[in-house]
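Visitor: I'm new to this one. Could you show it to me and walk me through it?

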Amino acid sequence: MQRGSETAKDIVVIGAGVVGLSTAIRIQEKGGYRVTIVAETFPTDPKTIRYTSHWAGAHHVSQAFGNNRQRDMDKETFETMWRDSEHSGPMQGCFLRYHHSEFRSDGVDPTEWLDYMPEFRPIPNNELIPGATRGWTFTTFTLYPPAYLNCLLDRFLTNGGTIVHAQLQHISQAMHGGISGLPQKPDAIVVCIGLGARFLGGIEDKKVYPIRGQTITLNAPWVKYGSTLSGADGSYFYLMPRVTGEVLVGGIRVADDWFPVPRAQDRDYVLAGVLAICPELAPPEIRAKRAPTIDDLRPLIVEEGCGLRPGRKGGIRLETEWLEAGPQSEIPVVYNYGHAGMGFQSSWGSASIALGLLEEALASGKP
């Protein structure tokens, strides 16, 4: 916004996943900024292992545990997306509100970070699924990532934002206008590149690592609810309905696994796990005759996906660093990456923190 204002400051956001787009919009809609996003991949591009946001679930079920900052980010994001998910809202084709059950056998009580969810309550023992020792239920929503990400991009462009398709080798290329379309002398840079922070020159954050996930989309429109089961053995299975009428299921989260395509053994592991917590995934006509098996789910497969969640030792990096931009010149760089599997569910909250860091740095005018 205010692209014609001579007093507006030029901000470059690196990265166009859900975190980058949300952060760019937060900055843009604050006013007084001209925002340019530079990224190798945008939501309009074909799916690739290098762009994790396309492969997300994505439901809003916080995993903040005892991290108060994470809880606050998740809560702010939920409140923003809950408004966006209203049936008459402009993003109604991106969201599906549904009834969710959180089952656990790992001894964890999520009440502290989930009690703000609508209709939150414990599940009676006689309603627990096999393998669960406790459970809670509430209302939440899923997003359909391709539609949601493109809505964010359209919002950014409609507000006067600029995008540049480019693969940066070094952060300095965003500082000096070395890429066509970028401002020659930006006032600040905001880094939202997820796993790319491990490799981008000038950052090369070796605390960043992949957490591989593998999902399966099933054509099971008769399933209208979602469930998760966190096992005492560290297993984690989930299923979530989408606005498309399909159901996404998963259960793989392996650190430091870079394998870029779905594995057959992981497919069978996920199908067996989700069928155990939700036999209703199998077609009704099969369940009417016998107990279903994973072979009954195979014909329902619409798509299999694999994504590398951008984990980071120490958690999300949200801080400012001043980097040399020329002789006797420094530029503030705000970092907002390392969200692991919480990118969608904390996107607006972390964007607000990043905006605060940006404004604090620009107001100070010095390191």
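Guide: Helices (H or I, at least four residues) and strands (E, at least two) are DSSP runs, numbered from the N terminus. This is a predicted model, where local features need pLDDT of at least 70, side-chain atom pairs count only at pLDDT 80 or more, and totals for chains, interfaces and linings use all residues. Residues are numbered from 1 along each chain as its sequence is written, and side-chain values use heavy atoms, with hydrogens and water left out.

Visitor: What covers the buried residues of α6?

Guide: Buried means under 20% relative accessible area, exposed over 50%, partly exposed in between (1.4 Å probe, protein chains only). In α6 the buried residues are D266, V270, L271, G273, V274, L275 and I277. Their cover includes β8 (208-218), β9 (226-230), β10 (236-241), β11 (247-250) and β13 (301-312).

Visitor: How are the planes of F95 and F141 arranged as an aromatic pair?

Guide: Rings of Phe, Tyr and Trp (its six-membered ring) pair if their centres lie within 6.5 Å; planes under 30 degrees apart count as stacked, over 60 as edge-to-face and the rest as tilted. The structure holds 13 aromatic pairs. For F95 and F141, the centres are 5.4 Å apart and the planes make an angle of 85°, so by the cut-offs the pair is edge-to-face.

Visitor: Which parts of the chain does the pair of F237 and Y269 tie together?

Guide: Here the ring centres are 5.0 Å apart and the planes are at 45°, so F237 and Y269 form a tilted pair. F237 counts as buried at 9% relative accessibility, while Y269 counts as partly exposed at 37%. The two residues are 32 apart in sequence, and the parts tied together are strand β10 and helix α6.

Visitor: Which ring does R317 lie over?

Guide: A charge sits over a ring if NZ of Lys or CZ of Arg is within 6 Å of the ring centre and within 35 degrees of the ring normal. K47 does this with W55, at 4.8 Å from the ring centre. For R317, at 3.7 Å from the ring centre, the face is that of Y335.

Methods:
Contact = heavy atoms within 4.5 Å.
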